[in-house]
Amino acid sequence: MRIAHLSLSVMFLTFLGSFITPAHAQVPAPPADVKAKDLPNDAGHGILLTWKLSPDDKIDMSPRAVIRYEIHRKLEGEQEFNTKVGEPTYQKTSFEDKKCELGKRYFYQIVAVAPDGSRSKPRITTKATIAVMQLFDTRRTWFGIILLLVGGAVVYFIQVAQRGQDLKIRKIAGLEAFNEAVGRATEMGRSCLFIPGILDINDMQTVAGITVLSHVAGLAAEYDARLEVPTSRSLVMTTARETVQAAYLGAGRPDAYVEDNIYYLTDEQFGYVAGVTGSMVRDKPAACFYMGAFFAESLILAETGNAIGAIQVAGTAMPSQLPFFVAACDYTLIGEEFFAASAYLSGEPHQLGSLKGQDFGKVVGTGLLAIGCLFATAAACSQLAGGSELTKTLNTTVDFIKDNILGDKGFLP
Amino acid sequence: MKRTVPLIIAATVGFVVIISWFIPYAQSWGQNVMIWFDILAAIAIVLGGGNLVKMHLRKVSDRRSGWGYSLITLLAFFTTLAIGLSKFGVNPSELYPDYVWSGNHLQEGGGFWWIYQYLYLPLASTMFALLAFFIASAAFRAFRAKNVEAIILLGTAFFVLFGKTYAGVIVSKAPLEWISTTLGWQTDALEMFRLDRFQETIMDTFNAWGNRAIMIGIALGVASLSLKVLLGVDRSYLGSQE
C-alpha cells in the first residue's frame, strides 16, 4: 500500500515538473549538414568544420535556446569522441581545429547546447578527414610576385651601377644638411646628439638609423666634434658602439672614439625622454639628429632641441610623427628618404642602384593605382548609364585587383 | 671574419623569416627566430643595466656636474631591483601557499606594483602631459601665415581643429540653416559643409591620400633596405672589420 502511494506521488511530481520547466530549458534541435575539410594554406595542422545552425539558434531569440556549440573529435578506430576541440558561440557556422596531427584521420561530433546545459542530439561527420600540408600559401602569391619584381629590380640596378653606368639621384636637402650641422657643432665647441629611435635593432627603422649614424660619426671624427648617442635598448647600444668605432677608424681617428659617449638609459619611453631632454637642457648640443622609430616622444625631443637652439635633422617612417618633426626640426627625411639615406650618403654606385630599384616598385604601384582608378571610374559610369555586361566585367576586374593582387584571395578569383 | 659571420647569420635568419611567410611548413621556423631574438634582447638588458650603473658610479665618484642626479638614479635602480627580486610585499600564490616566494612579483599590492603604480606612472604621465604645451608651441610656429603654403596649412588646421569641437558643430549649424531657409535649399545638400563633416572629409580624403603615398614609399624603402642588408650590400651597421 505504502509503495503504491509513493509511486503515485512520484508520478504526480513528474507530471507537475513537466509544467513548471521553463520553455528555453528544452533540448535544442541539433545543427545540420556538418562537414569537415582540410584547412587550406597551413602546415597540415588544421581542419575546417562547417555546419548549418540549429533551427532553435535564431538571431533575435530571447532568451536564447542555443548558447553555444560543442565540438569533439576522435581518431578513426576510436569508440568515443573524447577530445573536446572547441566551443564556438551561437550563430557561428564554422570552426578551425588547428591542433590536428598531420596525416591522421579524424571524425568530428557537434552538439548544440542550451543555456541550462541540455545538449542536442549529436551530429557526426560522415567520413574521416585528414589534415594535409600545403607547399605554398596561395593567399600570398601576388605578394610574392610583387616582392620578386621589386627585389629583382633592386638587384638588377645594383649590377647596372656596378658596371659603371651613371645613375641620377635627386638631391635630398635633409641629407645635405649633415655636414652643416656637424660643422656648426664643431665651430661652437658643443656636442652632436644622435637618437636612433626607441625601438630595438629588429626594427628596420633602427637599422636605417644606425646606418645614418655611421655617416654622422664619420663626420664627427673628421671635424673632431663630440658625438653622444643615448639609446633606449641594450642591443642598439652595442650595435651603435660597433658602428661608431668603425666610423672613427675609417676616418683615421680611432683615438678620438669614446665608448662611454654611447650609453644606455632605459627601455621605458618617458623615462628615456626625461633622460635625453634633461641632458639636452644641461649640455645644449649644437646639432640633434633623430633617426629611427618614434612615438609620442618625437615632439617633446624636437621641441626641446628647438628651445636650446640646436640645428635639427629628423628621419622616421612613422607617418603620425612626421608632422611633429616637420614643425619642430630644420630638416625632415620623410619615409623613403630616410631609408635611402645610407645609400645616398655613401655615394657608392652599387648602393645607389638600390634606389633605382625602389623607383621601379613605385612604377608598379602607380600602375596598379591608375588601372584600379580607371576601371572603378568606368564601372561607376557604366552603372549610371544603366548597367550592362560591361559593368559586370569592370567590377570583376576591380575586385580582382583589390581582393587578389592587393588582398589575400589567391592568384585567381 | 668579424663582419662575415654576423652577415651570414643576418642573411640566413632574414631569408628564413621571408620563406616562413610563404611556405606553411616553415612557419614555425620564423616564430622560432623571433623567440631567439626575444631571448637575446632579454639577456642584453644585463649589458644595458651594467653600463648604466658603471656610467653613473663613475660620475658620482668623480663628482662631475650633476652627480646628484646620478646618485638618485643609482638609488632608484637598486631599490627597484631589490624590491622586484625579493618580491617584497607579495603574497604567496594560491597554488603554493607554503612557499613565500611563489607569488607573482607584479601582484597588486606588492612593492614592485606599488613603485610602478605610484611612482613610475605619475612620472611618466607628467612627461606625457608636457606634450600639450609642446604641441601649442610647435603649432604656433608651424601655422604662422608667412606664405601661401603656410596660409593653406593654417586654414586646414583651423577647420580640422574647430570641426573636432562642439563649438564647430554649433557655429556652422546656424549659418547653414539660414542659407537653407533663405535660398530654399535642402538641408541634406548642405550637410557636407558642417564643420564636423568637413573636417572628416579633409582627414578621410586629402590626409588619407598623402598618408598612403608616404606608406607606399616606406614599404618600398623597407623592402629595398632589407634586401641590401640581407645581401650584404649595406654593411655599415656591422661595425669594423678589425
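I began with the contacts within chain B. Of those between residues at least 6 apart in sequence, 37% join residues at least 24 apart; I counted two residues as in contact if their C-beta atoms, placed from the backbone, lie within 7 Å.

I note the ground rules here. This is a predicted model, in which local features need pLDDT of at least 70 and side-chain atom pairs count only at pLDDT 80 or more, while totals for chains, interfaces and linings use all residues. Residues are numbered from 1 along each chain as its sequence is written, and chains are lettered from A and ligands numbered from 1 in the order in which they are written.

**Chain B, layout.** I found eight helices and zero strands in chain B (DSSP runs numbered from the N terminus: helices are H or I, at least four residues; strands are E, at least two). From the N terminus the order is α-α-α-α-α-α-α-α. The radius of gyration of chain B is 29 Å, well over the 18 Å of the globule rule for 242 residues, so chain B is more spread out than a compact globule. That radius is taken over C-alpha atoms, and the rule is 2.2 Å times the number of residues to the power 0.38. Along the principal axes, the C-alpha trace of chain B spans about 80 × 50 × 50 Å.

I looked up burial next: 13% of the 242 residues in chain B are buried (20 or more other C-beta atoms within 10 Å of the residue's own, with C-beta atoms placed from the backbone).

**Chain B, domains.** I list domain 1 (1-75), domain 2 (87-142) and domain 3 (143-232), with bounds from an automatic or database domain assignment. The C-alpha centres of domain 1 and domain 2 of chain B lie 24 Å apart.

**Contact of chain B with chain A.** I get 50 residues from chain B and 63 residues from chain A. On the chain B side, the elements giving two or more residues are α1 (4-22), α2 (27-61), α4 (111-142) and α8 (195-231). The most comes from α8(B), with 16 residues. By class, the chain B side has 33 nonpolar, 13 polar and four charged residues (nonpolar: Ala, Val, Leu, Ile, Met, Phe, Trp, Tyr, Cys and Pro; charged: Asp, Glu, Lys and Arg; polar: the others, Gly among them).

**A helix pair in chain A.** I checked α4 (residues 204-223) against α5 (residues 234-250) of chain A: they pack at about 35 degrees with axes 8 Å apart. The axes are lines fitted to C-alpha atoms over the stretch in contact, and angles run from 0 to 180 degrees between N-to-C directions. Residues in this contact include A:Ile210 and A:Leu213 of α4(A) and A:Val236 and A:Val244 of α5(A). The contact has nine nonpolar, six polar and no charged residues.

Definitions and conventions
A residue is buried if 20 or more other C-beta atoms lie within 10 Å of its own, exposed if 12 or fewer, and partly exposed in between; C-beta atoms are placed from the backbone.
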